[in-house]
Structure formats: structure tokens, C-alpha cells
Amino acid sequence: MSLAESFRKYPQFSNSEVAETIGNSKSVRKLGPSDFFGPVSSWAKDRERIYGETIVPRHVYVIDLPKGQKHRVAWVYHEGFTPDNMPFCQHEIACDCSGEIEELYSPEEKEAVIEECPGLMPALELQALAVNKALQIDDILQHALKFHKETPMDEQPELIQAFVGASLFHLLKNDYLYPRSWIANVESGWTMTALASKVLNVPGEGVEWAAGELEQQDIVQIESPVISLSEKMKQKLEEEKARREMFKFFEGQMTA
Ligand SMILES: [Zn+2]
């Protein structure tokens, strides 16, 4: 199944949209998964009740708006069946606009609501910063490798090129193996150049260049602006996972 055919309630943002909107961060705070209230929670309950789906919040952000209003954005586990009866199970972003977006038919109308959403971009930005910090990407790039953002990636030292490529691969691998940890993407299984650029704190062109190198090695596939792991790499990760589980099983047998 190609990326374009995948079941996606949120249309894909354009890179320029992310670049323009992101950075205008409003007052946004991270809450615990138990703070999953308001319209986004009603959307989840409705889907569970009407379609028998399962929706579990993993990360919850709240954006404080004027006049005491709040807008919640969450990263949720979502399992169910598509309209053509195909099972799906993924992690995805949801927000207080989710119910409204679902009632709209055309992608243009959905995009208009997303553009107006006061929470999506600030929450994505904060999560991108959190992932950058957790992986110490900035520390390594700026302090250890003396990364100069202005230099094009193809003119950067090999060590920096390799580090950016390895970090991008690490993000996608992490998303594939542990999607609940959330690499600041819109839906598990793929990310966008602009969002990866935010997480890595590397210009979009640099991320594209690194992704291009990984594509040549059949590690990722690119359907610009979407980057995802290649089918070959996913297969390899599945084999590694199966091997690890087998070792664990035998270890258990030996110590039992
Ligand atoms: Zn929203």
C-alpha cells in the first residue's frame, strides 16, 4: 500500500505550511495522559462508541488561549477498521478539532481547519524540542561537531553528514519500534522533512540531503515531503525483533 493510500484522517501538511506556522508558539504545556479531556476526548469516546475503535492517549498538550479557553492536542494509539473494512492500528495526532475535521468531506476544508488550529503546530514544536533534547542532538551537533547551519549539507564535514543521516534513521527506527514515544510526527510510520528539520534543528535542505543519501542505501523512501523507512529496512527490523524475542525465550528456558 502506498503512502498516499494509507488511512489518514489528517491531510498531510505542506512543508511551507509547517515552516510558516511553526515557531509562533503560543502558551503550550505538556500534561499527563490522564488529562485527556474536552472535545478531543469526546471525539475519541464517540469513535469508540460508534465504530468500536480503541483510542488511548499517550501524550497530551494543552494550549492556553485568550479568555481562559484551552485547546488540547494529543498523540494517541488508535485501532479499528477503515471504511473499506481493513484493520488499522497506529499512533496519530488528534486535537480538539478532530471531531470537526471528520465531519468535513473535502481535503481542502480539512486543511482549512488545520491551518486555523491554534494547537497543532505549537504542540508539534514543543514535542520536537523535547525529542531533540532527549537525544542530545543539538549538544552533539553544536558543541561536539561545531555544526555551522549556514553551510550546505553537501559541503559539511563527513562526520556531520553521517551524524545527521544516522539521527534521521534513528528517529524513523524509533517511531517504527516504539511509536508511543512520539518523534513529533503526524502519524506513526512516516515524518515530514519540515518536522524532522525541527527535531534535528538542521535546515530542511540538510534533512533532504541526508534523506537522499539514506534512500540511495535503501534505508528510507521519500515521497516528498514524506520520509519513511524502506520496506527492506522494515523487514530487517522485524527480523531483528524476532531474533531478540527468540533469545529472550531461550534465556528464560535456561534460567527457569
Ligand atoms: Zn485543533
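**View 1. Leucine 168 and the residues it touches.** Leaving aside residues up to four places away in sequence, leucine 168 is in contact with Ala196, Leu200, Val207, Ala210, Ala211 and Leu214. This is a predicted model, so keep that in mind for every view here. Leu168 is also one of the residues with the most contacts inside the largest nonpolar core, along with Ala196 and Val199. That core has 55 residues. Domain 1 (3-124) and domain 2 (136-236) both contribute residues to the core, so it lies between them.

**View 2. Helix α9 and its buried side.** Helix α9 runs over residues 204-216, which makes 13 residues. From first C-alpha to last it reaches 18 Å, close to the 18 Å expected at 1.5 Å a residue. Which residues of α9 are buried? They are Gly206, Val207, Ala210, Ala211 and Leu214. These residues sit on the same side of α9 because they cover an arc of only 135° around the axis.

View 3. Most residues other than glycine have a negative phi, and most peptide bonds are trans. Further along, serine 224 and proline 225 are joined by a cis peptide bond, with omega at about 5°.

View 4. Look for asparagine 201 in the loop between α8 and α9. Though not a glycine, asparagine 201 has a positive phi of about 55°. Is asparagine 201 buried, exposed or partly exposed? It counts as partly exposed, because it has 16 C-beta neighbours inside 10 Å, and the buried label takes 20 or more.

**View 5. Glutamine 136, between α5 and α6.** Glutamine 136 is found in the loop between α5 (120-135) and α6 (137-144). Its phi is near 55°, a positive value in a residue other than glycine. Why does glutamine 136 count as exposed? It has 11 C-beta neighbours inside 10 Å, and the exposed label applies at 12 or fewer.

Key: Residues numbered from 1 in each chain as written. Predicted model: local features only at pLDDT ≥ 70, side-chain atom pairs only at ≥ 80, totals over all residues. Helix = DSSP H or I, 4+ residues; strand = E, 2+ residues; numbered from the N terminus. Expected span 1.5 Å × (residues − 1). Arc of directions from axis to C-beta. Core = buried A, V, L, I, M, F, W, Y, C linked by C-beta atoms within 7 Å. Domains from an automatic or database assignment. Contact = placed C-beta atoms within 7 Å.
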